[in-house]
Amino acid sequence: MLYFLISFVSFLILSKSFTSKPFSSGERGIKLGSIGFWGSLSSWLVSRLRKGSTSTRFSFLQFSLDMSLKNNSLVSKGENEEEEVKVSLLDLPDLPLECILEHLSPAELCRVATVCTSLRDRCRSDHLWKKHMERKWGKVFGDAVYRQWKWQVASKTREKISSNQHNQKGIFAFLNGGFLPLLWIKAKSEKGTQSNSSLSEDSIAALYLSLESGKFWFPAQVYNRENGHAGFMLSCYDAQLCYDSRSDTFLARYSPHGRWTTEENIQWDRLRVPPIASSPHALHISDCLDDLRPGDHIEIQWRRNKEFPYGWWYGVIGHLEQCQGHGNHCHCHYSDMVILEFTQYSAGSRWRQTVINRKHHVEKGNEIDGFYGGIRKLHSKEEITRWKNLWPTKIVIHN
């Protein structure tokens, strides 16, 4: 469809190049040069689209934005001077130009934005960057991240306003009124120039570039924290993360109790968006307790003590000890008591199994075994598969 669109647009442009009005030999050279330009552009676009690999993605650097067309062979014999005509891709109609920009990578959009004011404004459009955000960051980016970003932008704006007001008070104290109008006009002019050329802080492009550069720390959850330490096997904890574009990994900061701990070189597949929008210190109110049956997959909150944040731990619902059958002969779901099994731990480990009361469960535990909080029943095959892919290669011996 895109091939047809580009060819059709090129045909329209070519058709407009011909007119019934006679024109001079110099104008004829310009028209014919333009025909060659649009034909070359169309062929180039189609060839790039057909290849479709990342190494042959659209690049304005590969196709000059102000291609020089020399038409000395087309001018009349009486004209000896060579005439040069520059044709810009901005001569394209809006639709095909937008199609081209949509195929550019973030790095290419940034380079093209430096060419001229018109392309700068187009390349900073939110709808272009939103696709790049969803493509790269969608799996680790939730509503909490956007809220934190908006809060950070608003905080910076307040600081700038406060700083400007403070500076203005200093100026009013030392300058007489005669100079103020001129200074105000100059400051307003400089502010207008800066706002037009600088990237808007609340734009999606600014958010994307802040993430890529590692300047923005964002909230997410990390599977098997601290490099899969046995004490955190098959768990998922909240953290603040920073991206390292050189290694394509993340740096995480965890806050267990009054101090920050860090972890480097975290891969993408160990991150997720928090499934519940709440503080890691807040108890999740379980709404699935009456539906739990043996074999169900769950996540349950657990923390070492009441001053620590919760982490989410993977487990399955087991059979009661007195249960004599399986399948249709199992009556465990009629009992108020529910067995939670964490089979990543060895048999006999105190972490292997625990029991809760489905009718009265809120938070249970003690300072020795920790505290078990809210439960999420997993319905998504994708979530269950992700936990199984993180399964340890051998049973964890942890008493």
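The model is predicted, so local features need pLDDT of at least 70 and side-chain atom pairs count only at pLDDT 80 or more, while totals for chains, interfaces and linings use all residues. Residues are numbered from 1 along each chain as its sequence is written, and side-chain values use heavy atoms, leaving out hydrogens and water.

**Exercise 1.** Find out which parts Glu98 and Arg122 tie together.

*Step 1.* Recall the term: a salt bridge is a side-chain nitrogen of Lys or Arg within 4 Å of a carboxyl oxygen of Asp or Glu.
*Step 2.* Check the pair: Glu98 and Arg122 form one, with their closest N and O atoms 3.1 Å apart.

**Exercise 2.** Decide whether Glu299 and Arg376 are buried or exposed.

*Step 1.* Get the cut-offs: buried is under 20% relative accessible area, exposed is over 50%, and partly exposed is in between (1.4 Å probe, protein chains only).
*Step 2.* Apply them: Glu299 has 0%, so it's buried. Arg376, at 14%, is buried too.

**Exercise 3.** Work out which residues are linked in a network with Glu299.

*Step 1.* Start with the pair: the side chains of Glu299 and Arg376 meet in a salt bridge (2.9 Å, N to O).
*Step 2.* Widen the view: Arg272, Glu299, Arg376 and Glu383 are linked in a network of salt bridges.

Definitions and conventions. Helix = DSSP H or I, 4+ residues; strand = E, 2+ residues; numbered from the N terminus.
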